[in-house]
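Student: I have a chain on my screen and would like to talk it through with you. Could we take it one question at a time?

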Amino acid sequence: QVQLVESGGGLVQAGGSLRLSCAASGSFFSVNDMDWYRQTPGKQRELVAVITSGGRTKYTDDVKGRFTISRDNAKNTVYLQMNNLKPDDTAVYYCHAEIVAHTTFLTFSYWGQGTQVTVSS
């Protein structure tokens with residue numbers, strides 16, 4: 001069974017840093033795009049950053065210059081380095097990945113369990 005397991009959330013003061021990790025485990029053929037989303041109560045989940053299997057990245061304007069998404073393809077892991085955090089970054093952060101199954105080579109969408117990031121002012 002394929003799973004995405006996140007780690008690295010927590011409480012930090014404004015201006016501080018956190019690093020989130022998300023590892024894909026189980027049996028699969030390959031991992032395509034890996035993303036980070038975030039969600040606050042009463043709002044829709046929003047895309048924060050994307051990284052393709054080839055390493056191309058894209059960010060939402062709010063986090064450009066402060067957050068960096070990266071991945072280790074050998075470990076099937078995606079990271080989100082968050083610097084200069086602001087109270088508005090407070091949210092539950094979810095990783096997401098498009099994973100290609102063995103044998104069928106069909107692509108399925110998977111989500112992590114979410115990790116809370118709280119930034120105090």
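Tutor: Gladly, and let us start with a term: strands here are DSSP runs of E, at least two residues long, numbered from the N terminus. Please keep in mind that this is a predicted model.

Student: With that in hand, in which strand is Gly10 found?
Tutor: Strands are numbered from the N terminus. One of them spans residues 10-13, and Gly10 is found in that run. The strand you want is S2.

Student: How many helices and how many strands are there in the chain?
Tutor: Reading from the N terminus, the elements run β-β-β-β-β-β-β-β-β-β-β. The count is therefore zero helices and eleven strands, by the DSSP runs.

Student: What share of the residues counts as buried?
Tutor: A residue is buried when its relative accessible area is under 20%. Applied to the 121 residues of the chain, that cut-off gives a buried share of 40%.

Student: Which residues touch the most other members of the largest nonpolar core?
Tutor: In soluble globular proteins, nonpolar side chains tend to be buried together. Here the largest nonpolar core has 29 residues. The residues that touch the most other members are Trp36, Leu80, Met82 and Tyr93.

Student: And which strand gives the largest share of this core?
Tutor: Several strands supply at least two residues each, among them S3, S4, S5 and S11. The largest share is five residues, and the strand that gives it is S9.

Student: Leaving out neighbours up to four places away in sequence, what does Met82 touch?
Tutor: Met82 is among the core residues that touch the most other members. Outside its sequence neighbours, contact means heavy atoms within 4.5 Å. On that basis the partners of Met82 are Gly16, Ser17, Leu18, Leu20, Arg66, Phe67, Tyr93 and Val117.

Student: Back to Gly10: how far apart in space are Gly10 and Thr118?
Tutor: Gly10 is partly exposed, with a relative accessible area of 24%. Beyond its sequence neighbours, Gly10 is in contact with Leu18, Gln116, Val117 and Thr118. Gly10 and Thr118 are 108 residues apart in sequence, yet their C-alpha atoms are separated by 6.2 Å.

Student: How far is the C-alpha atom of Glu98 from that of Gly65?
Tutor: Glu98 lies in strand S9 and is partly exposed at 25% relative accessible area. Its contacts beyond four places in sequence include Ser30, Asp33 and Phe108. Gly65 is 33 residues from Glu98 along the chain, and the C-alpha separation is 25 Å.

Student: Is the aromatic pair of Phe29 and Phe105 stacked or edge-to-face?
Tutor: The structure holds two aromatic pairs. For Phe29 and Phe105, the centres are 4.9 Å apart and the planes make an angle of 85°. Planes over 60 degrees apart meet the edge-to-face cut-off, so this pair is edge-to-face.

Student: Over which ring does the charged end of Arg45 sit?
Tutor: Arg19 lies over the face of Tyr79, at 4.1 Å from the ring centre. The charged end of Arg45 is 4.7 Å from the centre of its ring, which belongs to Trp111.

Student: Last one: is Thr103 buried or exposed?
Tutor: Thr103 is in the loop between S9 and S10, and its phi is positive, about 65°, although it is not a glycine. Asn84, in the loop between S8 and S9, also has a positive phi, near 50°. The exposed cut-off is over 50%; at 71% relative accessibility, Thr103 counts as exposed.

Terms used:
Residues are numbered from 1 along each chain as its sequence is written. This is a predicted model: local features need pLDDT of at least 70, side-chain atom pairs count only at pLDDT 80 or more; totals for chains, interfaces and linings use all residues. Side-chain values use heavy atoms; hydrogens and water are left out. Rings of Phe, Tyr and Trp (its six-membered ring) pair if their centres lie within 6.5 Å; planes under 30 degrees apart count as stacked, over 60 as edge-to-face and the rest as tilted. A charge sits over a ring if NZ of Lys or CZ of Arg is within 6 Å of the ring centre and within 35 degrees of the ring normal. Helices (H or I, at least four residues) and strands (E, at least two) are DSSP runs, numbered from the N terminus. Buried means under 20% relative accessible area, exposed over 50%, partly exposed in between (1.4 Å probe, protein chains only). A nonpolar core is a set of buried Ala, Val, Leu, Ile, Met, Phe, Trp, Tyr and Cys residues joined through side-chain atoms within 4.5 Å.
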